[in-house]
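The sequence and the coordinates come first, followed by notes grouped by topic.

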Amino acid sequence: MANVVVIGAQWGDEGKGKITDLLSRSADVVVRYQGGVNAGHTVVVQGQTFKLHLIPSGILYPDTECIIGCGTVIDPEVLIQELDQLEALGISTKNLLISETAHVTMPYHRLIDRAAEERRGNYKIGTTGRGIGPTYADKSERTGIRILDLMDPESLRKQLNWTINYKNVILEKLYDLPPLDPATVIEQYLAYAERLRPHVVDSSLKIYEAVEQRRNILFEGAQGTLLDLDHGTYPYVTSSNPVAGGACVGAGIGPTIIDRVIGVAKAYTTRVGEGPFPTELDGEMGELLCDRGAEFGTTTGRRRRCARYARRDQSLCCL
């Protein structure tokens, strides 16, 4: 299999979860390289349905090492819920590794995300409201909290005391929302840290060790190429780079490590949320595709918009 990147070739929801699950059976390592809990993979194995948002679907195979890369943004509460659900079903999570430099979604990210979307009115983007955009914004602004910060209680207290007081000004003055209590948030996230601590590693080092050992590596993207921050239908896009090149930055590897890229598409297109959709079917056919294809978002449960597949000369795909 060598080193393979799997991406969505449309607006996401192409069935990447099924392909990723299929390839995971031959992979030694599966790496999730971007996105956050705004993404979801639904996988059915032996009659059991698994809805995963952060943990790579390779976790279902006991000999597969699963890595959440530095390009992802992690909501610890959701990640721990996924760990608990898998373990309750008898699935071991000991092979899950988390990048120490991945950024953390905080409560103020979710609050600001929802409030900002509401303020946009008729100009809504269609965000999931899970705080993904604000988390990536803080990463770019260099005020973000990383997983390694969670591992250092003293450092976390210092950073969050300043950051939460700063965010409270935005919450109160701009959005008329109640402030967050820094002490409550800090203690909550310190508890999350202890649960996640055994899984935290230098993920780039782990991946390069796997390369040197000639292990098969599968790089798993979320969303689709037309939702790419730079190459998609901006501004109705996600906050990261789901294109194949995003695997290099989001996993911490060089491009020469990638042997093959697989783009997943389906016979018709769908998208969740707002934005241009040139071949959208508004009538009976669109409803039929939605119902027959069970086109409801894994993360939000929202009904997906359905459309005809664009001709090749109409495609905006950037693999």
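Arg114 is partly exposed, because its relative accessible area of 46% falls between the limits for buried (under 20%) and exposed (over 50%), taken with a 1.4 Å probe on protein chains only. The model is predicted, so local features need pLDDT of at least 70 and side-chain atom pairs count only at pLDDT 80 or more, while totals for chains, interfaces and linings use all residues. Residues are numbered from 1 along each chain as its sequence is written, and side-chain values use heavy atoms, with hydrogens and water left out.

**Overall architecture**

- The protein chain contains ten helices and 13 strands, where helices (H or I, at least four residues) and strands (E, at least two) are DSSP runs numbered from the N terminus.
- For 319 residues, a compact globule would have a radius of gyration near 20 Å, and the 19 Å of the protein chain agrees with this; the radius is taken over C-alpha atoms, and the rule is 2.2 Å times the number of residues to the power 0.38.
- The C-alpha trace spans about 55 × 50 × 40 Å along its principal axes.
- Of the 319 residues, 53% count as buried.
- Among contacts (heavy atoms within 4.5 Å) with a separation of 6 or more, 75% are accounted for by residues 24 or more positions apart.

- Arg114 belongs to helix H3, and its C-alpha is 7.7 Å from that of Gly131, at 17 residues apart in sequence.
- Two packed helices are described by the angle between their axes and the distance between the axes.
- The axes of H3 (residues 107-119) and H4 (residues 132-141) come within 7 Å and cross at roughly 120 degrees; axes are lines fitted to C-alpha atoms, for helices over the stretch in contact, and angles run from 0 to 180 degrees between N-to-C directions.
- The contact involves Tyr108, His109, Ile112 and Asp113 on the H3 side, and Ile132, Pro134, Thr135 and Asp138 on the H4 side.
- By class, the residues of this contact are four nonpolar, two polar and two charged; Ala, Val, Leu, Ile, Met, Phe, Trp, Tyr, Cys and Pro count as nonpolar, Asp, Glu, Lys and Arg as charged, and the others, Gly among them, as polar.
- In H4 the buried residues are Ile132, Pro134, Thr135, Tyr136 and Asp138, and their cover includes strand E6 (73-74), strand E8 (103-104), H3 and H6.
- Thr163, in helix H6 (residues 153-174), is buried at a relative accessible area of 4%.
- Setting aside residues up to four places away in sequence, Thr163 touches Tyr108 and Thr143.

**Nonpolar cores**

- The largest nonpolar core has 48 residues, of which Leu79, Ile147 and Leu150 touch the most other members; such a core is a set of buried Ala, Val, Leu, Ile, Met, Phe, Trp, Tyr and Cys residues joined through side-chain atoms within 4.5 Å.
- Helix H7 (residues 182-196) supplies the largest share of this core, seven residues.
- A second, separate core of 19 residues includes Ile7, Ile207, Ala210 and Ile257.
- Beyond its neighbours within four places in sequence, Leu79 is in contact with Leu54, Ile55, Ile68, Ile74, Leu96, Ile98 and Leu196.
- Leu150 sits in helix H5 (residues 147-150) and counts as buried, at 0% relative accessibility.
- Not counting residues up to four places away in sequence, Leu150 touches Pro76, Val104, Ile145, Leu156, Tyr189, Leu190 and Ala193.
- Leu150 and Ile186 lie 36 residues apart in sequence, with a C-alpha to C-alpha distance of 9.3 Å.

**Backbone features**

- Arg142 has a positive phi of about 65 degrees although it is not a glycine; Arg142 is placed in the loop between H4 and H5 and is exposed, at 76% relative accessibility.
- Arg214, also not a glycine, has a positive phi of about 55 degrees; this residue is in the loop between helix H8 (203-212) and E10 and is exposed, with a relative accessible area of 74%.
- Tyr234 and Pro235 are joined by a cis peptide bond with omega of about 5 degrees, and Pro235 is located in the loop between strand E10 (217-220) and helix H9 (246-251).
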